Amino acid sequence: MSDAETPVQRDKWDRLPAWLRPRDVELPGTGRRRLVEVTLLLLAGLLLAIATVNDVVKQTHVNHRLIADLRTWRSYTGHDYRNLSTEQDFYGHTTRDVVCGNTTPGAPKERVQLCLRMTGPVIRGRRTAGGGWYLPPKVEDVPASRYGCFGTAKSAQLCGPAARGSESPEGTSPETGQ
Amino acid sequence: MRGLIVLCALVLVAATAEIVLDGAGGHSPLIPKSPQIAGWLSGIGERLGYRVFLIALLAFTGAYVVMLGLARRISKRWAIVLVGALQLIVFAGPILISTDVFSYIAYARMGVEHALNPYTHGPIAIVHDPVYPYVGKDWKHVATAYGPLYSLLSYPLAPLGLKGAIWGMKLEALLAGCGTLALTWRCARARDINPGGALLAVGANPLWVIYGLGGAHNDLIMTLFMMVAVTLSFAGRDAPATASVLAGALVKATAAALLPFMILSSRKLASVLGALGALVLGALIGYAVFGVHGIDVVAALNRDAAFVSTDSFPTEIAHLVGKPGVFPIDHDLLKGALVLIVAYLLWRTWRGYDWIAASGWTLLAISVTSTWLLPWYTLWSLPLAVIARDRRLLVATLAVQVLFIVHQLAPLLVPVS
């Protein structure tokens, strides 16, 4: 590699060793560096692609579970309401979800709400509603607002001001997660 | 071949129109709550749901990729007409996908209408202002992270009322986007790259059109300053070029990523002086108008670096290895990786590598290693990628965008209702 090929400001940078001097144009090289760079880029791209597809597959499984949760709530209550809110246990990494919806027709959260705690696997398109609670209109699902706990929610003491921590960590409905 | 090009162009226009017309009806999870600004379009389409949106986005992306492959066969005039049509369709419609524009307006109204410093208060401080209900819930308590130049650019829109300000923001984004496209064309021609292809690669990009322009994001203003800097650099005007990079960084700090590469490549005192002059001027104006908080870019960057979004690649990789998400140690590792990448690119630039490509790789690396990735962040490197001498950058940028789009597809594969 001859430095005579590089038309740089020699006077300013002459004191530097040849390998440290700036160049205006890169030397062509043997292609080995390019090969290493392309290999690293491909490996990085592969990692990102696998991670992306893995995330999409996981999300489809979650959506599959949410569909079963919504179907279970509708079947349990006999109401074919569309505006139900769902909360997932992101932090605990369980498959325990909470689905809340109005007990009578009305805008979302404008009526007394019934929340059901879903657990277990999806069997014939539904999951097990092991317990739940009620919420007054226009309030968020926090333990202090809950009343009338039943089933597993009652045994786990999830209702009222003295309730044990929240079972409804920050969640999102799939239609608001963008 | 001509038929295929016409078909792809029609798909691009139809997909954009479908999203805009359906979005104009409101009541969609993809359209932020907003004052009715596109009323004349409502009633034509149906409610925009995830299924239709994702199908339109996929069709748009497919047609875009085919058109890029056929770019040499597309006349420049047709490329301009198509790209212009796409920008205008989106401009005429509602705000798409993001609530950010309402944060921009809230910060402007805080400064102009309420005499509050947007660098020390979040929009919660103007809870009775008409814009407040439209600000995204995650941002109500957050002070602005944008540079003082952007804040000053947005201030004249504040007195226009809410609808006037929204249209003002849309117009700013449209003009900045068109300016970026015009300069991309010019820079491509200066480098003997097909300008029509370069125009299509940026102006017909699905994330540029639907997410960037659709959300009226100020990233387009940042890219405009970046491309002004590149154009000036091509003209040998080193001092104004680095000053323009600094101006971009005073809109959004990310633009500063170009500066070391530009200076290393030119190795002229004028470059350093131009940057310093712009920095001093910007800091003085920022300090005079907003106080010390207005120029404390580091604090804003540190705050934003801690955010985590579900679409970020680090989050996806964390899920892949069985972790619930990224941890503080991961933030440190990512910063370390970014430093290594930038150091390598700086060395390459010193030894003659194309500084535009190095800048583009850096912007791409920032978006890929960021735990807070939003779709319009993948646009930062795009105008540079199409004019870079290293074509791998364009491939990598488009690949990252495709992965982002793939990550959105779960609701299409298993729709929840």
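I began with the contact between the two chains, which takes 43 residues from chain A and 36 residues from chain B; contact here means heavy atoms within 4.5 Å. The model is a predicted one, where local features need pLDDT of at least 70, side-chain atom pairs count only at pLDDT 80 or more, and totals for chains, interfaces and linings use all residues. Residues are numbered from 1 along each chain as its sequence is written, chains are lettered from A and ligands numbered from 1 in the order in which they are written, and side-chain values use heavy atoms, with hydrogens and water left out.

**Entry: the interface**

I looked up the area buried between chain A and chain B and found about 3,600 Å², of which carbon and sulfur atoms give 56%. Buried area is the accessible area (1.4 Å probe) that two parts lose on being put together, summed over both.

Next came the salt bridges (a side-chain nitrogen of Lys or Arg within 4 Å of a carboxyl oxygen of Asp or Glu). B:Arg392 pairs with A:Glu37 in a salt bridge at 2.9 Å, N to O. B:Arg392 sits in helix α18 of chain B and A:Glu37 in helix α2 of chain A, so this pair joins two chains. Helices (H or I, at least four residues) and strands (E, at least two) are DSSP runs, numbered from the N terminus. I also noted A:Asp24 with B:Arg267, a salt bridge whose closest N and O atoms are 2.6 Å apart.

On the side of chain A that touches chain B, α1 (10-13) and α2 each supply at least two residues.

I then turned to the second largest pocket, with a volume of about 1,300 Å³. Of its 38 lining residues, the closest to its centre are A:Leu40, A:Leu41, A:Ala44, A:Gly45 and B:Ile341. On a 1 Å grid over the protein atoms alone, where a 1.4 Å probe is used, a pocket is an open set of points with protein on both sides within 12 Å along at least five of seven lines, and lining residues have an atom within 4 Å of a point. Grid points are joined across faces, edges and corners, and a volume is the space filled by probe spheres set on the points. I see that α2(A) gives the most to this lining, with eleven residues.
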